[in-house]
Amino acid sequence: MKLLVINGPNLNMLGIREPEIYGTRNYAALCAYIMDAAAEVGASCEIYQSNHEGAIVDKIQEAYGNIDGIVINPAAYTHTSVAIADALSSVAIPTVEVHLSDVMQRESFRRHSFVAPIAKKTYMGLGFEGYKKAIRHLVKNEE
Ligand code: CA2
């Protein structure tokens, strides 16, 4: 199974600020954690991070016919991007949404997700573990 993990804007800054919300580990640690989680279930995995909405749309379109499952943390685009939600709908690849923090317990503008309606499942507030759960859900149908 071929997985694509997409991380949106500013996630490459993990560990630099706001450790009380996002933890102290950096983006390289997150990538290593994701690759280990994929290897544990025998999946191949590409990780892509971008700060640009259109680049994320392009990456989702490129996945069409090549990728079996998408894990996406759209970061701030979660709450603003119809374009990313439309791209995910258009490729119809099983997708799981992840957020490190519990967006329901934060500012009200973070409570709405354009991606949630097209995602099979959303994990939030679990830190790095949310990515592992998303991978295991896609590959092994675990909850
Ligand atoms: O909880 C999440 O994973 C988020 O998707 C993270 C986004 C935020 O806009 C979403 O509402 C929830 C922010 C990503 C990274 O933000 C940083 C801020 C300061 C330092 C490092 C990263």
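1. Ligand shell. In this predicted model, 17 residues surround the ligand (a heavy atom within 4 Å). The closest are Asn73, His79, Leu100, Ser101 and Arg110. By class, the shell has nine nonpolar, five polar and three charged residues. Here Ala, Val, Leu, Ile, Met, Phe, Trp, Tyr, Cys and Pro count as nonpolar, Asp, Glu, Lys and Arg as charged, and the others, Gly among them, as polar.

2. Polar contacts (pairs of N or O atoms within 3.5 Å). The side chain of Arg110 places an N or O atom 2.8 Å from a ligand oxygen. For the side chain of His99, the distance to an oxygen atom of the ligand is 2.9 Å. Ala76 uses its backbone: an N or O atom there lies 3.4 Å from a ligand oxygen.

3. Burial. Taken alone, the ligand exposes 510 Å² (Shrake-Rupley method, 1.4 Å probe). The protein buries 93% of that.

4. A pocket is an open set of points on a 1 Å grid over the protein atoms alone, where a 1.4 Å probe fits, with protein on both sides within 12 Å along at least five of seven lines.

5. Lining. The largest pocket is lined by 21 residues (an atom within 4 Å of a point). Pro9, Asn10, Leu11, Glu18 and Tyr22 lie nearest its centre. The lining divides into 10 nonpolar, seven polar and four charged residues.

6. Basis. Residues are numbered from 1 along each chain as its sequence is written, and side-chain values use heavy atoms, without hydrogens and water. Local features need pLDDT of at least 70 and side-chain atom pairs pLDDT 80 or more, while totals for chains, interfaces and linings use all residues.

Terms used. Polar contact = N/O pair within 3.5 Å; in protein donor to acceptor, adjacent residues only side chain to side chain.
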